[in-house]
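Subject: Structure for you to look at

Hello,

Here is the structure I said I would pass on.

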Amino acid sequence: MMPFYFGAETRRLFGIFEPLRVKSSSVGAAVLCYPWGSEYLLVHRAMRQLSSRLTMTRYNVLRFDYFGSGDSAGELNEADLSGWQADIDTAIDEMKDMTGAARVALIGLRIGASLAARVAVARPKEIESLVLWDPIVSGPEYLRELLSKADLPTKMAFNPRYPMAVEDIGEAVNVEGYTLTQAFSRDFASLDLIALAPALTARTLLVSSKGVRPDQATSRLASAATNGTIRAEYVESIRPWAVDPKYMGGLPTDVVQRIVQWLE
Amino acid sequence: MQKIREDAVLIGKNRTLVGVLTRPPNPQPQARPAILILNAGFVHRVGPNRMHVTMARKFAEFGHYVLRFDFSGIGDSVNRTDQLPLLDAALSEIKAAIDWLTSASLMPQVILIGLCSGADHAVLYGWRDPRVVGLVLLDPSVPPTIRYYWYYILNRLARPRSWLNALFGESHVRRLVLERINFAVIGNRSSATLSLQHRSVRAQLEEVYRKTVEAGIKLLCVFAENTQRHSYRDQLLDAFPLVPFARNLKLEFFEASDHYFTAERDRAKLTKLIIEWASSAEFRHESAAPADQT
């Protein structure tokens, strides 16, 4: 296991490279794409578990932090989604360089999944497979979710137009300790994975941990891809990115197992 | 103009502990104490709300070398394979981190910073190691006092929500009272508050603080108001009346702040406070116990 910084000097990204730990005749390379904000800390153990399991099958794995998050350079108010998408590109290039792999498996959780999908559409020849774990499907819906948790002035909280629109939040708001700038909010609002889905050509696993009753957006995403590229699976599981007192300290073992099996 | 620099490092005997070293722009050997930031609970080295990262960068801008690392089994550090009890493992890993940091920075003096359990680890370790000259304790464990219960109950009674909770069975106040009765009558010690209340635990903590102060270590203790651990500014002093804190202690109470200093203004205020304290305090450590005895 090797922690290191990579990428341009002006945009240094922190990564953890975990090498394959067993012999394999078909060695693969996987890049894991994290969520952001408070979800980043909450999912860390789960992502580490997933990485560890993958290194026991046939994968070298790179986990990394986007610019302005985790241990990477920069601050969150300097970040945007196009930059984070470019960070995934950088991580893929780094992984290919380190392992000699021509193609990588891209695995994303929450916003990481949404960005991974964008990268997979932009670089179809280099993505061997794609895992979308509880992706953010609808940007406006996600933004409403974020703003409902934001530290807003009282008068805004009693605004009859609540939940807020992007224009209402001023320069930035604090969402569970993390800065959400207006620019970033617009970025989130522009996400539309359903519109992107028909362009997906990579072999894709969509995992929803909401069990057999997934939300409408996830169901629509599964239907939106052409040529049957998306395989959708619904697993009743701990959601590692959410605080749930029932499952404190628990890990989404079922989902991790399913992802590993599918990638094998 | 040179900037701060961050390096990913592996430390410890078997190089299994992951950390990030933040270097000041123009390193001056022995200019300012190096800083070691410890994990808060199970949260990895970036800290709640990424506060450890932001703080480390600010401290480095003021000339400190700063190391943030993960204890074994937390964050990205590998689990231990020996049978060492958790606390002993943590203390040995703090020593390993200090060994590495003092060598990398050429700075023999170190300040430990910790939030929550990180603060507890810091105070349990500090007095043992002559290189530790300062402790920044953010919401450390402090035994409840009579005044704690008084303020806690008063605060709760002043909140409409508390009355609703009491009516519908989710009252913190009621639970606190029932636990106290439970402990007094049955001796059930399962609550975290009650284990701090226990006489031997209180005595051990008091002894640790006494040794810390006698070693000349400077303490900056910051308490957040919105937490169940303490309810007023001087609770530490009242809990340990026999400890001669005097000038060794700077005490701060952040009103309206929560345990994780979620509001950015609180984190900015906290960082500024630590930098000013680290710049103005006269650091020394008078101890007969060498670091190897940890």
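Asp82(B) has a relative accessible area of 38%, so Asp82(B) is partly exposed. The cut-offs behind that label are under 20% for buried and over 50% for exposed, with partly exposed in between. Please keep in mind that this is a predicted model. The side chain of Asp82(B) meets that of Arg80(B) in a salt bridge, 2.8 Å from N to O. Arg80(B) also counts as partly exposed, because its relative accessibility is 31%.

Side chains of opposite charge can pair when their charged atoms come close. Over all chains, the structure holds 36 salt bridges.

A second example lies in chain A. Glu233(A) forms a salt bridge with Arg231(A), and the closest N and O atoms are 2.6 Å apart. Are the two partners buried or partly exposed? Glu233(A) counts as buried because its relative accessibility is 11%. Arg231(A), at 44% relative accessibility, counts as partly exposed.

Next, the interface. Between chain B and chain A the count is six salt bridges. One of them joins Arg63(A) to Asp76(B), with 2.8 Å between the closest N and O atoms. This pair crosses between chains: Arg63(A) is in strand β4 (residues 59-64) of chain A, while Asp76(B) is in the loop between β4 (66-69) and α2 (86-105) of chain B. Both Arg63(A) and Asp76(B) are buried. They also belong to a network of salt bridges, which links them with Glu18(A), Asp71(A), Arg45(B), Arg68(B) and Asp70(B). In another salt bridge, the side chain of Arg50(B) meets that of Glu75(A) at 3.6 Å, N to O.

How many residues of chain B are in contact with chain A? There are 32, and they touch 28 residues of chain A. The two chains bury about 2,100 Å² between them, with 43% of it on carbon and sulfur atoms. In chain B, the residues that lose the most area to chain A are Ala8(B), Arg50(B) and Asp76(B), together 26% of what that side buries.

There are also 22 residue pairs in polar contact across this interface. On the side of chain B that touches chain A, at least two residues each come from β1 (5-11), β2 (17-23), α1 (51-61) and α10 (264-280) of chain B. Of the elements on that side, β1(B) gives the most, with six residues. By type, the residues of that side are 12 nonpolar, nine polar and 11 charged.

One last item, from chain A. Thr253(A) is in helix α9 (residues 253-263) of chain A. Thr253(A) counts as partly exposed because its relative accessibility is 35%.

Regards

Conventions
Residues are numbered from 1 along each chain as its sequence is written. Chains are lettered from A and ligands numbered from 1 in the order in which they are written. This is a predicted model: local features need pLDDT of at least 70, side-chain atom pairs count only at pLDDT 80 or more; totals for chains, interfaces and linings use all residues. Side-chain values use heavy atoms; hydrogens and water are left out. Contact means heavy atoms within 4.5 Å. Buried area is the accessible area (1.4 Å probe) that two parts lose on being put together, summed over both. A salt bridge is a side-chain nitrogen of Lys or Arg within 4 Å of a carboxyl oxygen of Asp or Glu. A polar contact is a pair of N or O atoms within 3.5 Å; within protein, one must be able to donate a hydrogen and the other to accept it, and residues adjacent in sequence count only if both atoms are side-chain atoms. Helices (H or I, at least four residues) and strands (E, at least two) are DSSP runs, numbered from the N terminus. Ala, Val, Leu, Ile, Met, Phe, Trp, Tyr, Cys and Pro count as nonpolar, Asp, Glu, Lys and Arg as charged, and the others, Gly among them, as polar. Buried means under 20% relative accessible area, exposed over 50%, partly exposed in between (1.4 Å probe, protein chains only).
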